[in-house]
Amino acid sequence: MTITKGKRRKDPDPCSLGLLGNTGLFFGHMQIYKKSAIIDIKGMGTVQKGMPHKCHHSRTGRIYSVTQHAVGIVINKQVKSKSLCKRTSVRIEHIKHCKSRGSFLKWAKENDQEKKEATEQGTWAQLKRQPAPPREALREIPWEGA
């Protein structure tokens, strides 16, 4: 007989520990979560309390409230042609900090450093991101023209 009710019906794989690595039970407890932090939701199957809904699994959201054991998260959910802001509460075992912000902060720090050096020298610095140049050919094909 199949399970017809419950949070994990027909959906055991997204909450397995394979997606999180071999982390153990107290995965988020040594992290600091603050308001307006960007986080990823990854449901952990070993902790059934405070699990995210299966449609919120592997989504990125922003924290709007922090309690002792859980955080409130704002998630954008697309419904037909609209994007709705959904608010949900998830325990901290099921979330982790998003790493996409790290590359932006690194880029901003490098830009500030280049801008400071340019003003000291009295020159102009190119701070905008540039598209990647074309890759080199693996081998050249000889062409025999007419």
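User: What makes residues count as touching Val74, and which residues are they?

Analyst: A contact is defined as heavy atoms within 4.5 Å. Under that criterion, and not counting residues up to four places away in sequence, Val74 touches Gly61, Arg62, Tyr64, Cys85, Lys86 and Arg87. Val74 itself lies in strand E3. The C-alpha atoms of Val74 and Gly61 are separated by 5.5 Å, although these residues are 13 residues apart along the chain.

User: How do you know what confidence the predictor has in the protein?

Analyst: The scale is pLDDT, the predictor's confidence in each residue, from 0 to 100. The protein averages 84, and 81% of the residues score at least 70. Where pLDDT is low, the predicted coordinates should not be read in detail.

User: What makes a stretch a helix or a strand, and how many of each does the protein have?

Analyst: Both are DSSP runs numbered from the N terminus: helices are H or I with at least four residues, and strands are E with at least two. The protein comes to one helix and five strands, following the pattern β-β-β-β-β-α along the sequence.

User: Why are E3 and E4 called paired strands?

Analyst: Two strands pair if DSSP finds at least two bridges between them. Ten bridges join E3 (residues 70–79) to E4 (residues 82–91), and the two run antiparallel; the pair therefore meets the definition. Within it, Ile73 stands opposite Thr88 in E4.

User: Why is Lys80 called exposed?

Analyst: Exposed means over 50% relative accessible area, buried means under 20%, and partly exposed lies in between (1.4 Å probe, protein chains only). Lys80 has a relative accessible area of 80%, so the residue is exposed. Lys80 lies in the loop between E3 and E4, a hairpin with two residues between the strands. Its phi is positive, about 55°, although Lys80 is not a glycine. Most residues other than glycine have a negative phi.

User: Why is Ser36 called partly exposed?

Analyst: The relative accessible area of Ser36 is 46%, and therefore Ser36 is partly exposed. Ser36 is placed in the segment before strand E1 (38–41), and has a positive phi of about 70° although it is not a glycine.

User: How do you know how many disulfides the structure holds?

Analyst: A disulfide is a pair of cysteine sulfur atoms within 2.5 Å, and the structure holds zero disulfides. As for individual cysteines, Cys55 counts as partly exposed because its relative accessibility is 29%, whereas Cys85, at 56%, is exposed.

Key
Residues numbered from 1 in each chain as written. Predicted model: local features only at pLDDT ≥ 70, side-chain atom pairs only at ≥ 80, totals over all residues. Heavy atoms only, no water.
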